[in-house]
Amino acid sequence: MGAFPEWRVLTGCIVLMAWSLASPLRAQDSEEFPYLIPAIASERPSAKEAAAITAAICDGKADDDHCDSCPGGSSLPGIGFSLGRVTFGHFVGADSEDAFVTVSGCEEKHASIGWGFLVTRRAGTWKSLEEVLGLVLDNCHGMRFRSGRQLLVCEDYLMDQFNLMHNVTAVFAKGESIGFRHLLTATDTTRMCSEQPRPQKAQIDKIEFRDLNGDGIEDVAFTVSFGTLADSERRQQLCQDAQDDKPGVRRPQPKVMKSYRIEYLFDGLRFTLTKASQAAAKLFEWEN
């Protein structure tokens, strides 16, 4: 994968900085956050395999699927993690035995953000290759590179301060590291009740995985919508009243939401935004 500069690898340190101000939202947190990629079916490993994977990613003492310390070490008594989702696949190589793994239980140490790991089995023993903060693998779609290696396209929600961010990202192994290719983020800033230049509501309405150009390889297509509204003291007050659950008050929303189509072609090596999608994709580039 070294020939493809647009594929980014985020080390644990960079991911920590990027996620330090944001909190992941799970599907069960609220029906208000619809997930468009079906949840991955449970792939719970056997008790023996779960214990072996836990031992590979544990910096302290592992006991079955529990570790008595957090990644990076922890001096806090009683802080540790349990094995969460294990997604098996051929991520490092077409014939390798690998898995992306998430854990839970170190939220007090890391601001409610869980850890994720890339592990591989070599000579019958599981080995941890890399760890990052904030890996969410609950709603993912599996794809393949031309080489046969697998990757995941996953969606999640983040609450960055009061801004709701719906993300879709490709997750893959790049060598022995975890790589990410951001595809789309829809940001709703109407929950931010303080003054802002132009409140906006961007949302992803549909995600499709199908061959768009007849090359026999799945591509990714988004149906999205976008709208803005003017800011004012009245909007800010109504927003605050709605946040405070004042009876009969609803958060102000854009009066018009315009629909767009954003498509990425995947040639088995990389995702490429189509020329026709560039203007729409530009609308969805939001910076705090």
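The model is predicted: local features need pLDDT of at least 70, side-chain atom pairs count only at pLDDT 80 or more, and totals for chains, interfaces and linings use all residues. Residues are numbered from 1 along each chain as its sequence is written, and side-chain values use heavy atoms, with hydrogens and water left out.

Colleague: Which residues have the most contacts inside the largest nonpolar core?

Modeller: A nonpolar core is a set of buried Ala, Val, Leu, Ile, Met, Phe, Trp, Tyr and Cys residues joined through side-chain atoms within 4.5 Å. Buried means under 20% relative accessible area, exposed over 50%, partly exposed in between (1.4 Å probe, protein chains only). The largest such core has 26 residues, and the most contacts inside it belong to Phe222, Ile262 and Phe271.

Colleague: How many disulfides does a search of the whole structure find?

Modeller: A disulfide is a pair of cysteine sulfur atoms within 2.5 Å. In sequence order, the bonded cysteines pair 1-2, 3-4, 5-6, 7-8. The search finds a total of four.

Colleague: Is the disulfide of cysteine 58 and cysteine 67 right-handed or left-handed?

Modeller: The sulfur atoms of cysteine 58 and cysteine 67 lie 2.0 Å apart. Both cysteine 58 and cysteine 67 are buried. The torsion about their S-S bond is about 70°, so the disulfide is right-handed.

Colleague: What is the torsion about the S-S bond of cysteine 193 and cysteine 239?

Modeller: Cysteine 193 and cysteine 239 are joined with sulfur atoms 2.1 Å apart. Both cysteine 193 and cysteine 239 are buried. Their link is left-handed, with a torsion of -75°.
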